Amino acid sequence: MGVFTFENESTSTVAPARLYKALVTDADIIIPKAVDTIQSVETVEGNGGPGTIKKLTLVEDGETKYVLHKIESIDEANLGYNYSIVGGVGLPDTVEKISIETKLFEGPNGGSIGKVTINIQTKGDAQPNEEEGKAAKARGDVFFKAIESYLSAHPEYN
């Protein structure tokens with residue numbers, strides 16, 4: 001089994017608590033409104049806490065697809081959220097598991113700094129694919145900026 005780890009940092013003009021609320025607490029409602037490709041977010045197992053599995057339905061290249069996302073931990077006090085991709089189009093055939101650890105911090109001018117660590121564990125002798133890692137990073141950046149744009153356009157959201 002191979003493991004590929006990469007880290008990413010993004011900045012936002014949105015305050016950390018407000019951004020965290022949109023990304024974690026109200027994700028099922030906000031994400032489909034903010035991210036054009038995501039049609040819905042629904043809980044398929046669990047109560048919203050660790051162990052919960054969510055299904056994100058999306059349209060990609062005109063085709064409806066889904067990603068299954070398992071919540072590993074939620075740390076509201078420290079604005080942390082960890083989850084894994086456990087099924088669907090987000091999990092290539094050569095990959096056993098993708099784990100994502102996220103944390104928001106105070107940024108400049110009342111904004112946020114988002115730090116993400118992604119661990120991709122491959123199956124058997126499959127080697128980690130750096131291109132898959134780069135693609136995951138790019139999708140994460142687009143997702144983060146889409147949420148930021150939504151919140152900037154909706155100052156009434158608290």
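Predicted model: local features only at pLDDT ≥ 70, side-chain atom pairs only at ≥ 80, totals over all residues.

Me: Why is Phe 6 called buried?

Reply: Buried means under 20% relative accessible area. Phe 6 is at 12%, so it gets the label.

Me: What makes Phe 4 and Phe 6 an aromatic pair, and a tilted one?

Reply: Ring centres have to lie within 6.5 Å, and here they are 5.8 Å apart. Planes under 30 degrees apart would be stacked and over 60 edge-to-face, with the rest tilted. The planes of Phe 4 and Phe 6 are at 40°, so the pair is tilted.

Me: How many aromatic pairs turn up in the whole structure?

Reply: The search finds 2. Tyr 81 and Tyr 83 also form one: their centres are 5.6 Å apart and their planes at 40°, so that pair is tilted. Both Tyr 81 and Tyr 83 are buried, too.

Me: How do you know that Lys 21 lies over the face of Tyr 157?

Reply: The charge must be within 6 Å of the ring centre and within 35 degrees of the ring normal. Lys 21 is 4.9 Å from the centre of the Tyr 157 ring and lies over its face. Likewise, the charged end of Lys 115 sits over the ring of Phe 105, 5.1 Å from its centre.

Me: And what makes β3 and β4 a pair of strands?

Reply: Pairing takes at least two bridges. Strands β3 and β4 have 8, in the antiparallel sense, so they pair. In β4, Lys 65 is the bridge partner of Leu 58.

Key: Residues numbered from 1 in each chain as written. Heavy atoms only, no water. Phe/Tyr/Trp six-rings, centres within 6.5 Å; stacked < 30°, edge-to-face > 60°. Buried < 20%, exposed > 50% of the residue type's maximum accessible area, 1.4 Å probe, protein only. Helix = DSSP H or I, 4+ residues; strand = E, 2+ residues; numbered from the N terminus.
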